[in-house]
Amino acid sequence: MSLSRYFKGPSTSLDDQVESFATDRVPADQRWPRPAVLLVLTANVTAMFWFSLGGQLGFLLGWPLMLLPIAYMVVVATVLGSAIMRISSREGLSVPLLTRGLGFGSKGAAVASVVYGFNYVFYFLFEGSIVAHALSEFLHVSITSVAAVLVFCMVGVVALLSAWRGMHSMNLLQRWGTPLFLVLFVIGMIMLARGYVLVGPGEWKATGGIGAATIWQGINLANGQIVFQGLIATDYGRFVRTRVGYRGTGALMLVELLMIAGVMLIGALIGFTMLDHFKGPEAELSATDPGLYFVTFMGVLGVVFAVITQIRINVVNLYSGSLALSNAWDATMSRRIGRQWWMVGLLVLGVVGYPMNILQYTGTFLAITGIMTNTWVLILLADYFVCRRLCGLAPTREIEFRDGRVRDWNPCGLISMAAGVFAGALGILGVYPDYYASFIAMIVGPVVHIPLTLATRGRFYTVPGSRHPDAKVSAPV
């Protein structure tokens with residue numbers, strides 16, 4: 001096999017490229033080499049979001065305390081991500097399809113899929129807003145002006161077209177986009193060093209007081225990503241060849257997350273270096289907005305850099321969001337809507353929501369998404385490793401997901417999800433400190449799910465008469 005083949009996927013029909021097996025298993029002959037999957041995932045690594053989050057953690061905790069949430073994210077996201085990616089790659093199923101069989105039922109999974117899909121509306125808006133901010137800064141127009149909205153829309157359309165053929169078009173985009181990103185990034189760092197006095201880690205001081213609550217706030221920001229990064233990787237990891245084990249999926253996750261950690265540290269470096277440049281009460285917010293500071297020290301190249309970066313990551317947001325929403329629709333409606341049209345819908349929602357200036361709500365969003373996505377995926381892992389593998393209530397291979405075979409509703413997953421989200425919501429509402437909310441939610445969900453599934457002896461997994469012959473389940477009482 002030539003070197004270039006390691007970074008390309010197998011040939012397939014145009015229809016399969018566009019639909020990208022959104023509502024079905026990925027066939028064995030459509031699996032991709034791991035380097036090709038990792039190449040697509042590099043778009044996530046270099047998202048502007050990580051520059052921004054690194055700056056936020058730096059201002060919140062300073063050096064070296066900011067390493068604590070970063071290390072937590074790398075370690076835990078690698079463990080959880082490698083587990084869920086391994087299940088997904090062996091089954092050839094996206095997480096929304098796995099959810100049908102792993103404790104939720106087909107229509108129950110649609111609830112989680114909608115929540116998951118709308119996460120990508122936020123990330124699409126976040127990345128697109130950064131580009132619009134960059135152009136607004138360069139052209140001196142308001143970020144809420146009609147011109148800024150049009151810019152957001154036009155760049156979003158380019159991302160849409162780049163994700164139209166799924167993995168194939170995204171892989172092509174990253175093959176030329178990644179080298180271009182790296183070249184512009186190196187030029188940008190040289191321009192920053194020449195134009196400003198770099199502020200190294202020894203001078204990264206927290207801008208407020210530091211205590212136990214502050215540390216928990218930082219870890220909570222990271223906790224919002226520990227599962228979400230695994231979910232993103234799994235949307236592409238289902239294309240990984242079935243023979244790749246936990247070590248292989250773990251290596252994919254670890255390489256990706258270490259690169260993300262590096263980008264976050266660079267985000268902190270830029271933030272502290274640029275902090276004195278931005279004056280006024282919103283200086284910290286400006287110093288964590290890549291759309292502003294890249295243009296400030298790179299000029300027109302900063303605009304180009306922001307546009308290329310946004311397109312590279314928003315193809316991921318549009319693609320993963322379309323998988324989730326197409327699955328939710330497929331589970332509840334009889335007439336199917338193609339995956340690509342869900343991307344169009346996400347773009348429209350982004351254009352409508354752009355004037356909200358969503359960057360200011362990052363902390364709140366990460367707390368909420370940490371509650372929902374962490375609870376959901378921890379339930380899936382508990383179902384697979386405890387209820388299925390340890391207790392033998394259902395098979396761990398050929399997990400059922402098809403309508404008519406899997407139950408419409410599995411109360412075990414839905415009740416446990418509701419319990420976890422409710423427990424987390426109490427924190428958001430102020431009953432206890434909100435930075436504990438996502439941790440409590442992700443513990444409550446599995447703790448409720450396992451006893452419920454054991455008590456019902458797994459009879460809500462599949463429709464009676466269609467149970468997998470390998471299941472070791474006693475007859476329901």
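The legends below describe close-up views of one predicted model. Residues are numbered from 1 along each chain as its sequence is written, and side-chain values use heavy atoms, with hydrogens and water left out. In this predicted model, local features need pLDDT of at least 70 and side-chain atom pairs count only at pLDDT 80 or more, while totals for chains, interfaces and linings use all residues.

**View 1. A nonpolar patch lies on the surface.** The patch is formed by Phe138, Leu139, Val141, Val183, Ile187, Val300, Leu301 and Val304, which together have about 600 Å² of accessible area. Accessible areas come from the Shrake-Rupley method with a 1.4 Å probe, and for residues only the protein chains shown count as cover. Patches consist of residues with over 30% relative accessible area and no salt bridge; nonpolar side chains (Val, Leu, Ile, Met, Phe, Trp, Tyr) are joined within 5 Å, and like charges within 9 Å. At least two residues of the patch come from each of helices H6 (106–139), H8 (167–195) and H14 (300–332). Helices (H or I, at least four residues) and strands (E, at least two) are DSSP runs, numbered from the N terminus. H14 gives the largest share, 3 residues. Val304 is found in H14 and counts as partly exposed because its relative accessibility is 37%. Buried means under 20% relative accessible area, exposed over 50%, and partly exposed in between (1.4 Å probe, protein chains only).

**View 2. Helix H14 crosses helix H15 (residues 339–353).** The axes of the two helices come within 8 Å and cross at roughly 115 degrees, which means that H14 is roughly perpendicular to H15. Axes are lines fitted to C-alpha atoms, for helices over the stretch in contact, and angles run from 0 to 180 degrees between N-to-C directions. Angles under 35 degrees count as roughly parallel, over 145 as roughly antiparallel, 65 to 115 as roughly perpendicular and the rest as oblique. The crossing of H14 and H15 is right-handed. A crossing is right-handed if the near helix is turned clockwise from the far one by less than a right angle, and left-handed if anticlockwise.

**View 3. Asp330 and Arg336 form a salt bridge.** A salt bridge is a side-chain nitrogen of Lys or Arg within 4 Å of a carboxyl oxygen of Asp or Glu; by this rule the count comes to 9. The closest N and O atoms of Asp330 and Arg336 are 2.9 Å apart. Asp330 is buried, because its relative accessible area is 10%. A network of salt bridges links Arg100, Asp330, Arg336 and Asp403.

**View 4. Salt bridges join Arg388 to Asp383 and Arg402 to Glu400.** Between Arg388 and Asp383, the closest N and O atoms are 3.1 Å apart, and both residues are buried. Between Arg402 and Glu400 the N to O distance is 2.8 Å. Arg402 counts as partly exposed, at 38% relative accessibility, whereas Glu400 is buried, with a relative accessible area of 15%.

**View 5. A cis peptide bond joins Trp63 and Pro64.** The omega angle of this bond is about 5 degrees. Pro64 belongs to the loop between helix H3 (48–61) and helix H4 (67–91).

**View 6. Ser20 has a positive phi, as does Glu398.** Ser20 is not a glycine, yet its phi is about 55 degrees. Ser20 lies in the loop between helix H1 (14–19) and helix H2 (34–45) and is buried, with a relative accessible area of 3%. Glu398, also not a glycine, has a phi of about 55 degrees and is found in the loop between helix H16 (362–390) and helix H17 (411–428).
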